[in-house]
Amino acid sequence: MNFRHVVLVTSSLVVLATGASAQAIQSPQKGSPLRKDILDALRPGVERKLNAPIEFKVDDLKVSGDWAFVRVTPQRPGGVEIDVSKTPVGKREINDGVHTEAVLRRVGGTWRVQEYEVGATDVWYMDWCARLPKAMFRSGGETSGTCDY
């Protein structure tokens, strides 16, 4: 392989990698099928930790290609606050309430939870910052977030 060929192949790989990480980030609106599918994938695990039934108050939901990052506040149906002390999460010595963050991936058309935490006291998802677009981890319209530091 000559030098020109190596440069061409390397350049092509850089362009492909950049295109994959530069996919548009969207925030699916309330009532959209995409939003419903993502939240429905997350629900069973959170219900195990907080006892069913729950619904989510969505604080932030970002999607880029086949990846999603969500920040939600679980609550009882009708918006009733969850008493964390009466849940499996409340039995841990340290917890920070019921706020929940999750990373999900769409595989074969189905959303699957890759990792999530309920009541985390630290920023557990920092490892994901290197694998997904940093903008996915910014809240609302922020121009920087946890992954930018």
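Visitor: What is the pattern of the protein chain, read along the sequence?

Guide: This is a predicted model, and in it the protein chain has 2 helices and 5 strands, which follow one another along the sequence as α-β-α-β-β-β-β.

Visitor: And what share of the residues count as buried?

Guide: Of the 149 residues in the protein chain, 34% count as buried, while the accessible surface comes to about 8900 Å², with 54% of that belonging to carbon and sulfur atoms.

Visitor: Which residues have the most contacts inside the largest nonpolar core?

Guide: Those are I38, L42, V46 and V70, in a core of 22 residues. At least two residues of this core come from each of α2 (33-50), β2 (55-64), β3 (67-75), β4 (100-107) and β5 (110-118), and α2 gives the most, with 6 residues. Apart from this core lies another one, of 11 residues, which includes A120, W124, C129 and M136.

Visitor: Back to V46, what does it touch?

Guide: Leaving aside residues up to four places away in sequence, V46 touches N51, I54, F56, P74, T100, Y116 and V118.

Visitor: Which residues of α2 are buried, then?

Guide: The buried residues of α2 are L34, R35, I38, L39, L42, G45, V46 and L50, and what covers them includes β1 (25-26), β2, β3, β4 and β5.

Visitor: Where does α2 bend?

Guide: The bend is at R43 and amounts to about 35°, with a proline, P44, following within four residues. After α2 comes N51, whose phi is positive, near 70°.

Visitor: Changing topic, what is the mean pLDDT of the protein chain?

Guide: The mean pLDDT is 85, and 83% of the residues reach 70 or more. Over residues 3-21, however, the pLDDT is below 50, and beyond near neighbours in sequence this stretch has 2 contacts in the model. Where pLDDT is low, the predicted coordinates should not be read in detail.

Visitor: One last thing, what share of the contacts comes from residues 24 or more positions apart?

Guide: Among the contacts in the protein chain with a separation of 6 or more, residues 24 or more positions apart account for 55%.

Terms used:
Residues are numbered from 1 along each chain as its sequence is written. This is a predicted model: local features need pLDDT of at least 70, side-chain atom pairs count only at pLDDT 80 or more; totals for chains, interfaces and linings use all residues. Side-chain values use heavy atoms; hydrogens and water are left out. A nonpolar core is a set of buried Ala, Val, Leu, Ile, Met, Phe, Trp, Tyr and Cys residues joined through side-chain atoms within 4.5 Å. Buried means under 20% relative accessible area, exposed over 50%, partly exposed in between (1.4 Å probe, protein chains only). Contact means heavy atoms within 4.5 Å. pLDDT is the predictor's confidence in each residue, from 0 to 100. The bend at a residue is the angle between axes fitted to the seven residues ending there and the seven starting there. Accessible areas come from the Shrake-Rupley method with a 1.4 Å probe; for residues, only the protein chains shown count as cover.
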